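Please look at the structure first.

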Amino acid sequence: MKKAAVFLERDGILNLVRFADRRQIVPCTFRDFIVNSQILPSLQRLKEAGFMLIVTTNQPAISSGELSRAELDKMHQFLRTTFPLDQIMVCPHSDDCSCRKPKPGMLFEARSSYLVELVHSFVVTDKGSDAEFARTGGCTSVLIKSHFTAQGQGNLFVENFEEAVQKILLISGKNPKK
Ligand SMILES: [Zn+2]
């Protein structure tokens with residue numbers, strides 16, 4: 001049976017990041033990987049409403065050697081134990097590939113591998129470039145206000161993760177009960 005999904009950006013949404021000159025510093029060791037457990041109740045609401053929860057993340061530091069597969073695996077194992085995630089999809093490439101966001105490769109992969117119905121699915125992110133990712137994949141984008149987003153870039157613009165979830169539940173006709 002086909003299912004709708006909420007595609008989640010990882011860095012800045014599921015885990016905390018540091019900033020330097022408004023640039024995001026992504027953790028390269030498990031020790032520096034701090035999960036944003038505040039969003040757990042909101043993720044549970046999406047899950048209870050029947051959405052698959054799929055993380056889509058670019059991790060080019062794998063290709064450049066700054067981040068090892070073993071450290072990444074530890075981070076993602078920890079994410080899976082903290083949050084009710086269905087899948088974590090990673091683009092490890094730093095060059096021209098079809099799975100590096102904003103190209104829609106990971107969305108198409110989710111459609112074929114996990115039978116996700118993209119037209120009823122959402123991309124939740126704090127990166128404006130993911131609006132393009134959602135658009136080319138046929139999903140609705142929900143942009144959370146950050147250094148990397150601006151009003152008008154995507155389909156929806158919200159203040160925080162909780163509001164993103166409220167909007168998704170409302171649009172998809174699920175009861176957005178508090
Ligand atoms: Zn890739």
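Gly 138 comes after helix H5 and has a positive phi, near 85°. The model is a predicted one.

**Helix H5**
- H5 spans residues 129-137, and its buried residues are Asp 130, Ala 131, Phe 133, Ala 134 and Gly 137.
- These residues lie on the same side of H5, because they cover an arc of only 160° around the axis.

**Nonpolar core**
- In soluble globular proteins, nonpolar side chains tend to be buried together.
- The largest nonpolar core here has 36 residues, and the members that touch the most others are Val 6, Phe 7 and Leu 8.
- Leaving out residues up to four places away in sequence, Leu 8 touches Ile 13, Leu 14, Leu 53, Ile 54, Val 55 and Val 124.

**Whole chain**
- The protein chain has six helices and eight strands.
- Their order along the sequence is β-β-β-α-β-α-α-β-α-β-α-β-β-α.
- The radius of gyration is 15 Å, close to the 16 Å that the globule rule gives for 178 residues, so the chain is as compact as a globular protein of that length.
- Along the principal axes, the C-alpha atoms fill a box of roughly 45 × 35 × 30 Å.
- Of the 178 residues, 34% are buried.
- Among contacts between residues at least 6 apart in sequence, 54% join residues at least 24 apart.

Notes:
Residues are numbered from 1 along each chain as its sequence is written. This is a predicted model: local features need pLDDT of at least 70, side-chain atom pairs count only at pLDDT 80 or more; totals for chains, interfaces and linings use all residues. Helices (H or I, at least four residues) and strands (E, at least two) are DSSP runs, numbered from the N terminus. The radius of gyration is taken over C-alpha atoms; the globule rule is 2.2 Å times the number of residues to the power 0.38. A residue is buried if 20 or more other C-beta atoms lie within 10 Å of its own, exposed if 12 or fewer, and partly exposed in between; C-beta atoms are placed from the backbone. Two residues are in contact if their C-beta atoms, placed from the backbone, lie within 7 Å. A nonpolar core is a set of buried Ala, Val, Leu, Ile, Met, Phe, Trp, Tyr and Cys residues joined through C-beta atoms within 7 Å. The arc is that of the directions from the helix axis to the C-beta atoms.
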